[in-house]
Every structure is written in structure tokens, then in C-alpha cells.
Amino acid sequence: MVGGRPSDQYEESALSQAHVPAKLESQPPVSRSNSLTEMYIKTLTIHGFKSYRDQVAIEPFSPGHNVVVGRNGSGKSNFFAAIRFVLSDAYTAMTREERQALLHEGVSVATTLSAYVEIVFDNSDSRFPTGKDEVVLRRTIGLKKDEYSLDKKSVQKADVMNLLESAG
């Protein structure tokens with residue numbers, strides 16, 4: 001350590017240990033008295049969305065705390081954008097150019113024509129009124145189409161938003 005700062009050797013070592021691509025690190029849940037099991041994401045699958053050309057399934061998520069780490073450019077922001085893509089109104093009424101920007105644009109022989117993000121929620125506390133222990137929510141986007149599915153059945157966006165609102 002030099003002048004209260006780590007030496008350059010330490011900084012190089014820390015950089016060489018950075019994770020590429022972004023990695024999910026889970027922490028065990030914090031124990032709380034009188035706490036019910038809380039709903040949480042079990043799996044996130046991303047395919048063709050922004051920097052995720054190939055299908056990537058990210059799991060396991062912890063019911064407690066989760067941390068996403070990685071070098072600059074490893075996809076951390078796109079990881080969170082994928083979750084927002086499914087769960088929020090942030091990606092509505094998009095132009096063709098805005099839709100194209102969500103599709104993977106990398107060096108590849110094949111052009112990405114559609115992308116999807118799928119979130120599997122733990123529903124063991126029955127927060128979603130589906131009667132199932134898991135709820136699978138997927139949004140698929142192409143240059144012209146935008147589809148939602150709930151437990152592998154096609155649904156309207158309003159149905160998805162109503163379901164999310166019912167969970168609180």
C-alpha cells in the first residue's frame with residue numbers, strides 16, 4: 001500500500017479477477033422474524049436481446065440478496081434492461097428503430113429477427129393467483145410483433161400487468 005492507496009500490483013490483480021461476462025452472485029436470505037416467504041425470481045433467460053445473442057439462462061437467484069458483477073461492457077446494464085423489458089411499461093409504443101435497437105446486433109452470419117426474455121418466479125407463497133408454485137412470464141419482440149406469454153400460453157399485455165399488480 002502506498003500513501004493509503006493499494007499499489008498498482010494490487011489493482012492489476014483485482015482487475016484480472018473481474019468476471020466476464022456479468023455474473024450473478026447470490027447471498028442467503030436475511031432472516032426476519034414473522035416474515036413470510038417472499039416472491040423472487042428463480043431464473044432469467046435472455047435470447048437475442050441487446051448484447052445477449054445466444055440464449056443465456058441465469059440461475060440460481062437467491063430469495064435474499066443478489067449481486068451482479070462484471071467488467072465494463074460485460075452486459076450488466078442489459079441484464080437489468082431485460083428485466084425491465086418484461087416487467088415495466090418502459091418499452092411500449094416503440095418505433096421500428098427502437099425495436100431494432102433491442103435486437104442483438106453483433107458480428108454474425110445470421111441476423112437476429114426476434115428476441116425474448118423469460119422470467120421464472122417462485123410462487124410458493126401463492127402471491128400470483130395461478131395455483132402453481134412457479135410462474136413463467138415471457139416477452140418476445142421482433143421488428144413488428146410484441147408478444148407476452150404466461151405459463152407458455154399467449155396473453156395480452158394488460159393480463160400481464162394485471163397479474164403483476166395483483167402480486168402487490
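Analyst: We can begin with the idea of a contact, which means that heavy atoms lie within 4.5 Å. The model here is a predicted one, and among its contacts between residues at least 6 apart in sequence, 62% join residues at least 24 apart.

User: Which elements does the chain contain, and in what order do they run from the N terminus?

Analyst: The secondary structure comes to 4 helices and 8 strands, and from the N terminus on the elements follow the order α-β-β-β-β-α-α-β-β-β-β-α.

User: How should I read burial, and what percentage of the residues in the chain is buried?

Analyst: A residue counts as buried when its relative accessible area is under 20%; by that cut-off, buried residues make up 34% of the 168 residues in the chain.

User: Which residues touch the most other members of the largest nonpolar core?

Analyst: In soluble globular proteins, nonpolar side chains tend to be buried together. In this model the largest nonpolar core has 34 residues, and those that touch the most other members are Leu44, Ile46, Phe49, Phe79, Phe85 and Val117. Two or more residues each come from β2 (40-47), α2 (76-87), β5 (114-122), β6 (134-142), β7 (146-150) and α4 (157-167), with the largest share, 6 residues, supplied by α2. To take one member, Phe49 is in contact with Asn78, Ala81, Ala82, Phe85, Leu102, Ala115 and Val117, once its neighbours within four places in sequence are left aside.

User: Is Val120 buried or exposed, and which residues does Val120 touch?

Analyst: Val120, which is found in strand β5, has a relative accessible area of 11% and is therefore buried. Not counting residues up to four places away in sequence, Val120 touches Tyr40, Ile41, Lys42, Thr43, Glu134, Val135 and Val136.

User: Where do the buried residues of α4 fall when seen down the axis of the helix?

Analyst: The general idea is to look at the direction from the helix axis to each C-beta atom. In α4 the buried residues are Val160, Met161, Leu163, Leu164 and Ala167, and, seen down the axis, they fall within an arc of 160°, so they line one face of the helix. These buried residues of α4 pack against α2, β6, β7 and β8 (153-155). Just after α4, Gly168 takes a positive phi of about 95°.

How values were computed. Residues numbered from 1 in each chain as written. Predicted model: local features only at pLDDT ≥ 70, side-chain atom pairs only at ≥ 80, totals over all residues. Heavy atoms only, no water. Core = buried A, V, L, I, M, F, W, Y, C linked by side-chain atoms within 4.5 Å. Buried < 20%, exposed > 50% of the residue type's maximum accessible area, 1.4 Å probe, protein only.
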